[in-house]
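Dear colleague,

I am handing over a structure that I would like you to look at, and below it you will find what came out of going through it. Please keep the sequence and the 3D view open while you read.

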Amino acid sequence: MVKAIVGANWGDEGKGKITDMLAEESDIIVRFQGGSNAGHTIINNYGKFALHLLPSGVFYNHTTSIIGNGVALNIPYLVKEIDSLVERNVPMPKILVSDRAQILMPYHVDFDTYEEARLAGKSFGSTKSGIAPFYSDKYAKIGFQVSELFGSEKDLKDKVANICTIKNCLLEHLYHKPLLKEEEVFNTLMEYKTMVEPYVCDTSAFLHQALKEGKRILLEGQLGSLKDPDHGIYPMVTSSSTLASYGAVGAGIPASAITDVITVVKAYSSAVGAGGFVSEIFGEEADELRKRGGDGGEFGATTGRPRRMGWFDAVATRYGVRMQGTTQVALTVIDVLGYLDEIPMCVGYEIDGKVTKDFPTTVELEKAKPVLKTFKGWKSDIRGITKYEDLPVECRAYIEAIEQEIEAPITMVSNGPGRHEIIYRKSAYCK
Ligand code: GDP
């Protein structure tokens, strides 16, 4: 049985918490895309952690954590992240790395940094983790697959030479930066080989066997639908697919194995990086929500930079939920909104004088103005409530309005950052 946990919005929906929570009843947790560019914040018995590369299931003794073939594998980062857990008394997790994962190289980080600097004011707001150059190289067939570290040295050296020729052309003539040296690149790969060797295996075969044995598998997505390169706000997107359907490709399992798609939806909006954000708010209103948001404010887990804030965007979320193939929704951070007298929700986009509920392409999105509907606030702290019926009536009305708008069953309502701060709910949308 495979469940995917993915985001419907721009990321930072609280997928880490939901994964950590569901990992308790799972055997295997798989990261299938992205890299160390976005973080998941998890609060549990060991403390507060910001994970970037490891799946959020690493805190349990009974789980196996997999870095799937679809991930941008930063090997020193992986080792550093494992060490940082063990240093804080988390038992050494069982980790497997796909032999088909590709390696994020130091020069990918450099190219990301140089390109952002070159674009200056027109930059994408990259975290400069090397993700875009990494995936570009993967699809240009000049990436290094983990398996190649264990193959012929001569072949690897030849490939290094070819890659250096291509990269050095850009370094010399476009960026005017120091050139790559073949020997250094090769030595880095050999260092990475030693570091990653204990974890490498054919994870697709491992998952195939696990499926046969009826093991419970979670796929953990990074970022959200609106950052998908095909279906998101291109080009202000990430460089690997954020959709549950890609989970099959990035983990190496059949698409038909994914039977449950839990889409995490945030009760208000936040986004990082540039791009159209129709329900965005500014000034004091935004500062207040940012300060109160998430656990300890809405600031990037990787970069610490303030996130852009907005009201719940039903148009974007309905689309995000649809693109994920959602079977159930976990609505998070609802507790944060308890301070508001009134809560606006964006229920339509006005584009060239016409109101639509369909999420448009980027060109149209830039012109969209929010159509807002206002809900009464509940003006109380709802943390600690464990039954849906015990939530204030205004809070339930807000949740049920979101459900109507996004056309998917909200089966979980998260009212605090902790692992067990969750309210299960029967939805009229459930079959
Ligand atoms: P992810 O990338 O989707 O895992 O999301 P992040 O970890 O970046 O952001 C979620 C933030 O919200 C984290 O700081 C979580 O601890 C916190 N969080 C998750 N669910 C809740 C919730 O229901 N209430 C509150 N107050 N914080 C939450």
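The ligand is surrounded by 24 residues, of which the closest are G14, G16, G294, S414 and P417; a residue is near a molecule if its C-beta atom, placed from the backbone, lies within 6 Å of it. Two or more residues of this shell come from each of α1 (15-23) and β3 (40-44), where helices (H or I, at least four residues) and strands (E, at least two) are DSSP runs numbered from the N terminus. By kind, the shell around the ligand divides into six nonpolar, twelve polar and six charged residues; here Ala, Val, Leu, Ile, Met, Phe, Trp, Tyr, Cys and Pro count as nonpolar, Asp, Glu, Lys and Arg as charged, and the others, Gly among them, as polar.

Before you go further, please note that this is a predicted model, in which local features need pLDDT of at least 70 and side-chain atom pairs count only at pLDDT 80 or more, while totals for chains, interfaces and linings use all residues. Residues are numbered from 1 along each chain as its sequence is written.

Next comes helix α12 (residues 393-406), whose 14 residues should span 20 Å at 1.5 Å a residue, and whose end C-alpha atoms are 20 Å apart, which agrees; the expected span is 1.5 Å times one less than the number of residues. In α12, the residues C395, Y398, I402, E403, E405 and I406 are buried, a word that applies if 20 or more other C-beta atoms lie within 10 Å of a residue's own, whereas exposed applies at 12 or fewer and partly exposed in between, with C-beta atoms placed from the backbone. The exposed residues V393 and Q404 sit on the face turned away from the buried side of α12, and just after the helix E407 takes a positive phi of about 60 degrees.

Finally, some backbone details deserve a careful look. Most residues other than glycine have a negative phi, and most peptide bonds are trans. K128, which is not a glycine, has a positive phi of about 60 degrees; K128 is found in the loop between α3 (106-119) and α4 (131-139) and is buried, with 21 other C-beta atoms within 10 Å. L223 in strand β10 also has a positive phi, near 60 degrees, and L223 counts as buried with 27 C-beta neighbours inside 10 Å. A cis peptide bond, with omega about 10 degrees, joins Y234 and P235, and P235 lies in the loop between β10 (217-224) and α8 (244-251).
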